[in-house]
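Dear colleague,

Please find below the sequence and structure that I am handing over to you. My notes on what was found follow directly after.

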Amino acid sequence: MLLVRSIWNGAISFGLVSIPIKLVNATESHSVSFRQIHTEDGGRIRYRKVCELEEREVAQGEIGKAYEDADGTMIPITDEDLASLPIPTAKTIEIEGFVPAEKVDPLQVDAAYYLAPNGVPAAKPYTLLREALKRSGKVAICKFALRGRERLGMLRVVEDVLAMHGLLWPDEIRTTEGVAPDASVTVRDKELDLADALMETLGEVDLDELHDDYREAVEELIAAKASGEEPPAAPAPETGGKVLDLMAALENSVRAAKESRGEDVAAVTPMRTPKQPAGKKSTATAKKSAPSAASAKKSTAKSSQGTRSAQGAKKTTAKTTAKKSTAKKSTAKESATAKSTAKKTPAKKTTPRKRPA
């Protein structure tokens, strides 16, 4: 039983076989719709259809179609004029041929419709075309006329129903010229490996489990305002620093995806740190392996080369000696200050004892 109102009645032309069908929308919008209001008093804003010549509002039954010429002349076009056009697709879905489904560019896919058999005699040829498409694994390319223009379409099987997708004409698809990045970018194999790991970690998605979070949030907002409650607060945005390193971003993404799935994050390969220059590396090694001043001198001597290195080592030793002597002087000053402070501090007076009379 067809529960949705049909938007077009006609027939599928499959060679000499004619299949009477009804066209119904296969999709529906669940978006929350809003009305325009006057912000000062909340009054509705409505659009009225007014005749410019008579300056009065006209009813829908008085409104027709016209083509505006280049000089502004209006050429009336009636529904009868369109119905009498000498094209076979006015009331017929004309099948042009069959192609593998993968040959249809997804960019061409437009609106979707279900085709329902119109009457008992249509059941047999309808089922025949459906089963033929199933067995061939192909889709039918067709032409049809809807809403005042001829369109391209694709017939395929969805469960036990024939579905038709409106297709854009090839000349309606824009080229990709000027869309790709201008600069030449080189992607390293390690980056590709991490991207592959991220794709594998995220895995496949069940489309049936996805839902419109924005629509649900809008509905909660409307319900809260209608009941006089406080609207739900928006979650605070993440304040993490911007990651400029692509490798680090990929690794963090893989790690976060694994953690969200409860997997072991130890399997994520850590990013290799860039190698440091020879001078910095030897200095770092010297700092780590320098338990005493003698070891520091040895590491300094090993990392030095030539006369300049020797002079640098002497300067470093001299600075170290100067620092030690300065430390000794400051220690001596501190001890002297402490002694002088002790001398200046007055002693507590003792109260003399009274002798007995």
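The model is a predicted one, in which local features need pLDDT of at least 70 and side-chain atom pairs count only at pLDDT 80 or more, whereas totals for chains, interfaces and linings use all residues. Residues are numbered from 1 along each chain as its sequence is written, and side-chain values use heavy atoms, with hydrogens and water left out.

Is Gln-108 buried or exposed? Gln-108 is buried, with a relative accessible area of 15%; buried means under 20% relative accessible area, exposed over 50%, and partly exposed in between (1.4 Å probe, protein chains only). Leaving aside neighbours within four places in sequence, Gln-108 is in contact (heavy atoms within 4.5 Å) with Leu-152, Gly-166, Leu-167, Leu-168, Trp-169, Pro-170 and Ile-173.

E11 runs antiparallel to E8, to which five bridges join it; two strands are taken to pair if DSSP finds at least two bridges between them. Leu-167 in E11 is the bridge partner of Val-109. E11 also pairs with strand E10 (residues 149–158) in the antiparallel sense, over seven bridges. There, Val-158 stands opposite Val-161 of E11. The hairpin of E10 and E11 has two residues between the strands, and Glu-159 takes a positive phi near 55° in it.

E9 is likewise largely enclosed by the rest of the structure, because seven of its nine residues are buried. Seven bridges join E9 to E10, and the two run antiparallel. Leu-146 stands opposite Arg-149 in E10. E9 and E10 form a hairpin with two residues between them, where Arg-147 in the turn has a positive phi of about 55°. E9 pairs with E7 as well, in the antiparallel sense over six bridges, and Cys-142 in E9 is the bridge partner of Ile-95.

**The nonpolar core**

A nonpolar core is a set of buried Ala, Val, Leu, Ile, Met, Phe, Trp, Tyr and Cys residues joined through side-chain atoms within 4.5 Å. The largest one here has 19 residues, of which Ile-12, Ile-21, Ile-93, Leu-115, Leu-155 and Met-164 touch the most other members. Two or more residues come from each of E1 (8–14), E2 (17–25), E7 (92–100), E8 (109–117), H2 (123–136), E9 (138–146) and E11 (161–167). E9 gives the most to this core, with four residues. Not counting residues up to four places away in sequence, Leu-155 touches Ile-12, Ile-95, Leu-115, Leu-133, Val-139, Ala-140, Cys-142, Ala-163 and Met-164.

**Helix H2**

The end C-alpha atoms of H2 are 20 Å apart, which agrees with the 20 Å that its 14 residues should span at 1.5 Å a residue; the expected span is 1.5 Å times one less than the number of residues. Pro-125, Tyr-126, Leu-129, Arg-130 and Leu-133 are buried in H2. Seen down the helix axis, these buried residues fall within an arc of 140°, so they line one face of H2; the arc is that of the directions from the helix axis to the C-beta atoms. On the other side of H2, Lys-124, Leu-128 and Arg-135 are exposed. Gly-137, which follows H2, has a positive phi near 70°.

Yours sincerely
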